[in-house]
Amino acid sequence: MIKFFGYLFGIGAVFALIGAIGVWLYLQEMSKDLPDYTALKNYEPPVMSRVHAADGQLMAEYARERRMFLPIQAIPDLLKQAYLSAEDKNFYEHFGIDPEGIARAALTYARNYGTGRRPQGASTITQQVAKNFLLTNEVSIERKVKEAILSLRIEQAYTKDEILELYLNEIYLGIGAYGVAAASLLYFDKSVHELTLEEMAYLAALPKGPSNYHPFRQREEAIIRRNWVIDRMVQNGYVDSAAGEEAKAKPLAVKPRTRGSQLFASEYFAEEVRRKVVTIYGEERLYEGGLSVRSTLDPRLQVIARKALMAGLINFDRRRGGWRGPVETLELGAGDWGEALAKAKSFSDLPEWQLGVVLSVSDKAAEVGLQPETLVSGALSTERVRVTLPFEGVKWARVKGRAPKSVADVLNPGDVIYVEKLGERYELRQFPKVSGALVAMDPFTGRVLAMVGGFSFAQSEFNRATQAYRQPGSAFKPFIYAAALDNGYTPSSVVMDAELELSQGPGLPVWRPQNYGGKYYGPSTLRLGIELSRNVMTVRLAQDMGMPLVSEYAKRFGIYDDMLPVLSMSLGAGETTVLRMVTAYAMLANGGRKVTPTLIDRIQDRYGKTVYRHEERICDACIADHWAEQSEPELIDNREQVLDPMTAYQITSMMEGVVLRGTATKVKQLGRPVAGKTGTTNDEKDAWFVGYTPDLTVGVFVGYDTPKPMGRGATGGQIAAPIFIDFMKEALADTPPVEFRVPRGLQLIPINRRTGLRASAGAPGTILEAFKPGTAPPDEYSIIGFQNDVGIPRTVSPEAGEAVMTGTGGLY
């Protein structure tokens, strides 16, 4: 008997050895083509990039996989314990695989073989890391074997905390969220440190199948799974039973985070930042690189800019356009009007406006049903809100050029319209056809503080501040005059304002530039020419200087890259952008220093290292770690001086005259020193106003996207300047007026502003004019464009000049 058992033992040992050799050979075969698990050491997961305003508020997020990488030390212990309880309670004890779990899964697999059911898993967290990072989701024994081998090797190469860190940052948790940090934001709009026990338990319930535990579609299953996780946490001693029962009794209060822009009114700005980052680093770095972008946006100024531009466009549209009819028309029957109205497109960046359908109309009012709210679950609210739209709210809506006499003249039942609540009553709204842009900039740094590229980003993403190339018209003239002042002319130089004919070459008609009003005013100073925006004077001045010089200055200020040196360009016939014009005016405001416009202060990579900085001025002493009573560091301004500071002040002073006495006298109501220039192109297709105080430069453009006349009187002074005023009033409400800084060495001499001749202080028409050293008001002067028989500029005595300037208005 002993011999028989010995015989059986020997046979068993042989078969065991053969089996072991077979298993060893099989494992060797499986190990041949395994991925390199050591690559996990250098793993950099795709992480979303975030854009912040200048004050740190979040503006926008960009990602293909919405993930924020958190080191294990930054993840709360209770959240880690929730995942351990749900996925692998023995994680810190096992060596990478769970033999008991594997045996249980194998038994279930054998029992279900041939039934088509998905095999039950017994994966540890380490195995899940191996699968998610190094293998596929293929359901097979071969993949499970490879997974187990890799898990054993990973456990030998990495610490438990390193493995858990990889897991918690990689797992997909539904609704586009990868990793616990992004899931916390997307499900609850909270950081992981703000999560409650029941919220942590819900996030830990999701790895088994996010769609199976969707917070709205599978709400009951989600709560059951969440409570199961809480029970496991109690069972494992991570929380006491009382806290567990309290958490289980709470509802599943998921609050999905909004996508897109996170900061009100910042859509155009954020999109321009996105384009800039893509230009610098490419799309992959933006959407996967975890960049932290600090923009230049001032949220307060941005809201003010949006409000001012919207109000200006609406006011113009009402005066010129009248009522163009409803957005669409619905058939009102016995059904639910709310469901039909919910299908109509509304715009997310216009929260003040509400879409509604006219339910009934009388002479004095209309009953309007407002578009039902879409709940966080995606379902439509069952509440139906009805409001009254009185006649006072629609009386602006002219129909076929006539003012309405009743609401019924404007609206009909079934009309889908926009309304806005103003105080206690509602008012009818419509999208203006005309569009525009506004840019506000710090003139000393080029930092764009506010940018609005149109009426509604949701309606049109086209940014009229940076992408629309339009003719600036007379807004370009300051740079003609700046070139003149920089090259020997003075503010009291005199140019003939009289009819002018210019040959444009063989086969082309003669060009006869005209002033806006069609009149001519005779000899006039440069100051008068810019204050009253005299076209013919500007052309004569450009002709006298030579257009190559003007073209060089236009390029120097960044208005045009390569301007054709033809005289028509002196009247702003070339095309440029609002941002370029504001940047050019900023150089006049800051004393002639070149500035580069920027919407980005700095960019940091995923590790916090600064990889881009706009500030290029040198500060050798800015490296101090702490203050030890050392003096304040000095910034070395190495930027190019594109214009003599004295010239910059002279042109600023002349543009102050535009506000005080010229084409932009509306701006005087600001009650502070402001320099600026209006611009209006042929047939009033474009209206501009660009102006500045000593510390803020702002440009406004108004025009149709497809250029067409806006109507007689739609000038920069009438259309764009009021928007500038509305913005400046609120933007500078809490700042005292500041005078423009006069450069040292510049002489302020009293002159007659019409003749340019020296005058007694206090005499009528006398102003203080700025003259550079070595220049002074003339005793006699040459009239540019008024020549004798041999082509020499005519010299006029002061007495004759006085007679010409105060007489019939010059030669015609």
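# Questions and answers about this structure

Visitor: Which helix holds both Arg 556 and Glu 552?

Guide: Arg 556 and Glu 552 are four residues apart, about one turn of the helix. Helices (H or I, at least four residues) and strands (E, at least two) are DSSP runs here, numbered from the N terminus. The two residues share helix H18 (residues 547-556).

Visitor: What kind of model is this?

Guide: Residues are numbered from 1 along each chain as its sequence is written, and side-chain values use heavy atoms, with hydrogens and water left out. Local features need pLDDT of at least 70, side-chain atom pairs count only at pLDDT 80 or more, and totals for chains, interfaces and linings use all residues, as this is a predicted model.

Visitor: What is the N to O distance where Arg 556 and Glu 552 meet?

Guide: Side chains of opposite charge can pair when their charged atoms come close. The name salt bridge is given when a side-chain nitrogen of Lys or Arg is within 4 Å of a carboxyl oxygen of Asp or Glu. Arg 556 and Glu 552 form one, and from N to O it spans 2.9 Å.

Visitor: What is the relative accessible area of Arg 556?

Guide: Buried means under 20% relative accessible area, exposed over 50%, and partly exposed in between (1.4 Å probe, protein chains only). Glu 552 has 35% relative accessibility, so this residue is partly exposed. Arg 556 is also partly exposed, and its value is 23%.

Visitor: How many residues apart in sequence are Glu 283 and Arg 64?

Guide: The side chains of Glu 283 and Arg 64 form a salt bridge of 3.7 Å, N to O. Glu 283 belongs to helix H12 (residues 283-288) and Arg 64 to the loop between strand E2 (58-62) and strand E3 (66-67), so the pair ties together parts whose separation in sequence, in residues, is 219.

Visitor: Which strand holds Glu 367?

Guide: Glu 367 forms a salt bridge with Arg 386, and their closest N and O atoms are 3.7 Å apart. This pair links distant parts of the chain, 19 residues apart: Arg 386 is in strand E9 (residues 386-390), and Glu 367 is in strand E8 (residues 365-370).

Visitor: How many salt bridges does a search of the whole structure find?

Guide: The pairs above, including Arg 386 with Glu 367, are examples. Across the whole structure, the number of salt bridges found is 39.

Visitor: Which side chain of opposite charge is nearest to Arg 672?

Guide: Arg 672 is in the loop between helix H20 (645-661) and strand E18 (675-680). For charge, Lys and Arg count as positive and Asp and Glu as negative, while His and the chain ends are not counted. Arg 672 is buried yet has no salt bridge: at 7.8 Å, the nearest side chain of opposite charge is that of Asp 695.

Visitor: What is the volume of the largest cavity?

Guide: On a 1 Å grid over the protein atoms alone, a cavity is a set of points where a 1.4 Å probe fits but cannot get out, and lining residues have an atom within 4 Å of a point. Grid points are joined across faces, edges and corners, and a volume is the space filled by probe spheres set on the points. By this rule there are three cavities of 30 Å³ or more. The largest has a volume of about 70 Å³.

Visitor: Which helices each supply at least two residues of the lining of the largest cavity?

Guide: Among the lining residues are Glu 267, Tyr 268, Gln 302 and Arg 306. The helices that each give at least two lining residues are helix H11 (267-281) and helix H13 (299-320).

Visitor: What is the phi of Ala 265?

Guide: Ala 265 is one of the residues lining the largest cavity, and its place is the loop between helix H10 (241-248) and H11. Ala 265 is buried, with a relative accessible area of 6%. Its phi is positive, in a residue other than glycine, and is near 75°.

Notes. 1 Å grid on protein atoms, 1.4 Å probe; cavity = no way out; pocket = protein on both sides within 12 Å on 5 of 7 lines; lining within 4 Å.
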